Amino acid sequence: MSELDIQPELVSELLVSFLREEVRSAGATRALLGLSGGIDSAVIAALCARAFGPENVLCVLLPYRLSNPNSAVDSQSVATHLGLALQRIDISAMADGYLEREGVSDARRRGNVLARCRMTVLYDLSVEWRGLVIGTSNKSEILLGYSTQWGDGAHALNPLGDLYKHQVYQLARALDLPREVLQKPPSADLFEGQTDEGELGFTYAQADRLLYCMVDRRFSEDELVAEGFEREFVRQVSARVVANHFKRVPPVIAKLSRRSVGHDFRYLRDWKR
Amino acid sequence: MDCRLVVAQTNPALGDLRANLEDHLQRIDALAGAADLILFPELSLTGYFLKDQVADVAMSLDDTFLRPLLERSRHLSIALGMVERSPEGRLFNSLVFFEDGRVLGVHRKVHLVSYGLFDEGRDFAAGEEFRVIQSRHGRFGPLICEDMWHMPGAYTYFLDDADALLVASASPARGVEAPGPGLASQRTWNILLSASCLMYRTWVAYASRVGWEDGIGFGGGSRVLDPYANARAALEGLEPGTLSARLDSAVLRRARTELPLRRDEKPWVLAAELGRHVPLLRALRAEHALRDE
């Protein structure tokens, strides 16, 4: 047993309650999400099915011409398993209208464009479906900044944002998802052969434990080293957390008046809902 | 005392006074004479994370908005949470006690909480006293959430021979780690409430809220504990609801006969010790010491 272990049934109960109430307070009754074939979106699909009933959840598969075909297969198996509708919208023409025409070859830029194309489609469909876009980012990704700003990082609600990847796996096992989804290595599938851990240079298991001690438990660098973490690894991860903070905050507004949005105009999203 | 108490575990709509008043009145009217006192959670009339809405929902205790509650308090005493605008214009996080068609007592939250996800020190003025409310149904010691995490409130009510602590709370649901069971925040509250029963030989009623405000969930877990810390009634889970329990003085008498902690309490020892911690008292002490010489 790890100190990061959660009570999956309790978490699932809380998140279903969160989804129902926050979707309702936004004036909606339905939800939609991008289904990637990975574990995070599979967990979100399962939670949404519980919260709103399968008929009120729309899953969208958004493949690009170079996407791993297994992603589509796994997405379909998640949707079928949960009894959810799966709409397929190929973003190749949309993305290549810019990427190919302008000759963008840098993998990171291409990946970001694909993520933002997907966001554009999801937000457009949310109007037709009259539902809220549910995000799938977890706490590990958010802290490490392993996401595209205004891409996969854009959504109305985020149920998994306070759960480390380890905890998402635990939740996934309790939610009874297809085995292949639980077992495959995490990948953003933005270019061929990409895996999260390959790109990050460390494993989620390593990062989760470190982030838990650093963020949740507030250990200092020396305390983390005493806890058995390599000092270099601690510094590398801390640097990522700091460098990516811009992705976690709304755009910075220059304060000029006596009362400015973003500084001293303080209301919750649930204001008068 | 002999009090048929109802605790309402509610899900207030943030900043929506009308909807919340309606919910209070429905719960009150549903009791139809079957209770003596109903206790609501902290800020039950307004919702919790108000921020800049605090001033919008604040009202003085003679506001006509409160009239339906005053009327109903002729038949049922009511303790609820609201933002009180004092005659001087300060805004307090208050628990207001209505009885016999008037405001019988008000507790203004003393220990505002301004750490972690809380920022009450920015939004509210702090209360500065703990006064027992002498109701026709008993002697009640009102506390609001964080007040329970500091000794002076419950201790003052102990010295003043309160029959029951009325604890109104909006406690966030936190801590889902294994093995549990349940929320860590709820387990901590249960320990805290139970310890107060045992240390002060008192009934404890805990009204907590449920629901979500911008992703912060509230944990519920409302309960009534007897002076032995046995749960006489409890709500588990994340749903609104009500629970009822009879608080009687016979149990209180037996518990206090068995362990006469109040009789044996030595508040003057505390007063003397406090002299070392409170500057004014320290100065007085020093002056006395000089005079004695």
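Predicted model: local features only at pLDDT ≥ 70, side-chain atom pairs only at ≥ 80, totals over all residues.
Figure 1. You will find 12 helices and 4 strands in chain A, taken as DSSP runs (helices H or I, at least four residues; strands E, at least two) and numbered from the N terminus. The radius of gyration of chain A is 19 Å, close to the 19 Å of the globule rule for 273 residues, so chain A is as compact as a globular protein of that length. That radius is taken over C-alpha atoms, and the rule is 2.2 Å times the number of residues to the power 0.38.

**Figure 2. The largest nonpolar core.** Here 47 residues come together, and B:L5, B:V167 and B:V224 have the most contacts inside this core. Such a core is a set of buried Ala, Val, Leu, Ile, Met, Phe, Trp, Tyr and Cys residues joined through side-chain atoms within 4.5 Å. Beyond its neighbours within four places in sequence, B:L5 is in contact (heavy atoms within 4.5 Å) with residues including B:L37, B:L39, B:V224 and B:L247. Apart from this core lies another, of 46 residues, with A:L15, A:V43, A:A45 and B:A173 among them.

**Figure 3. Cysteines of chain A, A:C48 and A:C117 among them.** With a disulfide taken as a pair of cysteine sulfur atoms within 2.5 Å, the count over all chains is 0. For A:C48, the nearest cysteine sulfur belongs to A:C59, 7.9 Å away. A:C48 is buried, at 0% relative accessibility, and A:C117 is buried too, at 9%.

**Figure 4. Where chain A meets chain B.** The contact takes 22 residues from chain A and 27 residues from chain B. About 2200 Å² is buried between the two chains, with carbon and sulfur atoms giving 55%; buried area is the accessible area (1.4 Å probe) that two parts lose on being put together, summed over both. Look for A:Q7, A:R266 and A:L268, which supply 33% of the area that chain A buries against chain B, more than any other three residues.

Terms used: Residues numbered from 1 in each chain as written. Chains lettered and ligands numbered in written order. Heavy atoms only, no water. Buried < 20%, exposed > 50% of the residue type's maximum accessible area, 1.4 Å probe, protein only.
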